[in-house]
Amino acid sequence: MTEAVSVQNLCKSYHGKQVLNDLNLSVKPGTVFGLLGANGAGKSTTIECILGTKKPDCGTITLLGQNPERNRRELFQKIGVQFQEGDYQQEIKVWELCEETACLYQNPADWQKLCVQFGIGDKLKQPVKSLSGGERQRLFIVLALIPNPELVFLDELTTGLDAKARRGVWKTLEQLKTQGLTIFLTSHFMDEVEALCDEICILKKGSPVFFGTVEQAKQQCGCQRFEDAYLMLSDEEVEA
Amino acid sequence: MKRFFIFLKTELKLSIRDMNMVIFAVLMPLAIFIILGIIYGTQPAFEGASYTFLEQSFGAACAVSICASGLMGLPLAVSDCRERKVLKRFRVTPVSPAFILGVELAMYMVYCTVSLVSLAAVAALFWHVRLQGSLLAFLGSWLLTMVSTLSIGMMVGGIAKNSKQAGVIASVLYFPMLIFSGTTLPVEVMPQAMQKLVSLFPLTQGITLMKNTFLGIAQGNILLPVCVMLAVTAVCTAIAIHFFRWE
């Protein structure tokens, strides 16, 4: 397997409006890939089309060398997902949600350990709805890692987290990467992207405007800081 | 199998915390039966009958719980999961629609069983209600009624767009069946034309079958109700799984 994720000629439109336009992506195994772009650029739609929760209008998608539509159940044994908005049953408690998730997989990770690692080890008996936004965010990262995945999708992984918690998440993800995990993430924090991502793709109104490394992006724009390069490439630079 | 029970345990706990089904599927049928017991006591069903009014009503009381579980609880629970995007999360895990619906089915079977046991205990203890027919035949007809009604619920819950739509469909099914299929109003007192109409409800067939097997009355044509209910179960389950909506 030379690619963990392969997307070819992906397009998607809603009610006649083109949201994704001829998108090609490739993510190598054991790397961290960042999908960037402004709100509404099509990041979440891309993830949902790749995962099959939205049906693309055209294009070919391969995950871990397999067709996600045909081998859904087999494939999702090895894939973890964190959606942008966390969703859970109304009255469920943290440990119940973790247990229920873990039982779906053949070789689940130790979720109690993961909860401790992500700083919510003391919240296990609390209802999920009573957690703070940041705690819930971390819980959903834990849920995405419970499958012991080969590939994990993290949509806006650290939105709502404080600086310390973000660093904690980065550290854990870097550890997991050294163990061979492939990470596909979206983020609005350029320091995070710079710290974590091996390769990035910048989307602008559904079309890719850059594909490469953070360094290449900086070089291409002649910028010192990656955030400047990102703003220039995504054409979001605000007039001073 | 283990994951099925962990799932069932968690979903059942969540459902009990919510209390709705405890009230509608367990306490309500019990309350109805106790009221009937206080009114009719150990009176015979009619003059010269070999069984009491309560014995005649036992099957119908069981059906109240089946009706609440299958036509209210199950479709609303599944569509609520869909609306909260819990099903969307499950879609990116190895679970299948059949597994999710199977857990829901099992959960509401637990409610119906608890209701049956509590009704039987109260009926036997206070009003000496005795099963006059064969236990196997009664349990068989109870099981068939339950599974066929729950399968209707699975179909509604499996394919409804949102919980509002599921709620409307559930009410349209629940109230007519609760009122007209013999759970509360005996079929025998209805006009002929209406009797013919309500006999199309699987629940009507089920209640008649449960009543007859409980009382040990030989029924002329057992094949028809059994076939109706089996057909309903097969069709509804197939539709629920095949057209299952995750979102």
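K85(B) is partly exposed, with a relative accessible area of 30% (buried means under 20% relative accessible area, exposed over 50%, partly exposed in between, with a 1.4 Å probe and protein chains only). The model is predicted: local features need pLDDT of at least 70, side-chain atom pairs count only at pLDDT 80 or more, and totals for chains, interfaces and linings use all residues. Residues are numbered from 1 along each chain as its sequence is written, chains are lettered from A and ligands numbered from 1 in the order in which they are written, and side-chain values use heavy atoms, with hydrogens and water left out.

K85(B) sits in the loop between α3 (53–83) and α4 of chain B (helices are DSSP runs of H or I with at least four residues, and strands are runs of E with at least two, numbered from the N terminus). Although K85(B) is not a glycine, its phi is positive, at about 65°. H128(B), in the loop between α5 and α6 of chain B, is not a glycine either and has a positive phi of about 50°. Most residues other than glycine have a negative phi.

## Helix α6 against α10 in chain B

Helix α6 (residues 135–159) and helix α10 (residues 223–242) of chain B have axes that come within 8 Å and cross at roughly 25°. Axes are lines fitted to C-alpha atoms, for helices over the stretch in contact, and angles run from 0 to 180 degrees between N-to-C directions. α6(B) and α10(B) are therefore roughly parallel to each other (angles under 35 degrees count as roughly parallel, over 145 as roughly antiparallel, 65 to 115 as roughly perpendicular and the rest as oblique). The residues of this contact of α6(B) with α10(B) divide into 13 nonpolar, 5 polar and no charged. Here Ala, Val, Leu, Ile, Met, Phe, Trp, Tyr, Cys and Pro count as nonpolar, Asp, Glu, Lys and Arg as charged, and the others, Gly among them, as polar.

T145(B) lies in α6 of chain B and, at 0% relative accessibility, counts as buried. T145(B) touches I66(B), L203(B), G206(B), M210(B) and M229(B), leaving aside residues up to four places away in sequence; contact means heavy atoms within 4.5 Å.

## Helix α1 against α5 in chain B

The axes of α1(B) and helix α5 (residues 97–127) of chain B come within 9 Å and cross at roughly 55°. That makes α1(B) oblique to α5(B). By class, the contact of α1(B) with α5(B) has 11 nonpolar, 2 polar and 3 charged residues.

## Buried parts of chain A

Helix α3 (residues 94–102) of chain A is mostly covered, with 8 of its 9 residues buried. Among the buried residues of α3(A) are V94(A), L97(A) and C98(A). The buried residues of α3(A) pack against α4 (111–117) and α5 (133–145) of chain A, together with α1 (2–18) and α4 (86–91) of chain B.

K123(A), in the loop between α4 and α5 of chain A, counts as buried at 18% relative accessibility. Residues touched by K123(A) include V94(A) and E135(A).

## Nonpolar cores

In the largest nonpolar core, of 124 residues, I200(A) and F226(A) touch the most other members (a nonpolar core is a set of buried Ala, Val, Leu, Ile, Met, Phe, Trp, Tyr and Cys residues joined through side-chain atoms within 4.5 Å). Apart from it lies another core, of 29 residues, among them A4(A), I50(A), L63(A) and F83(A).
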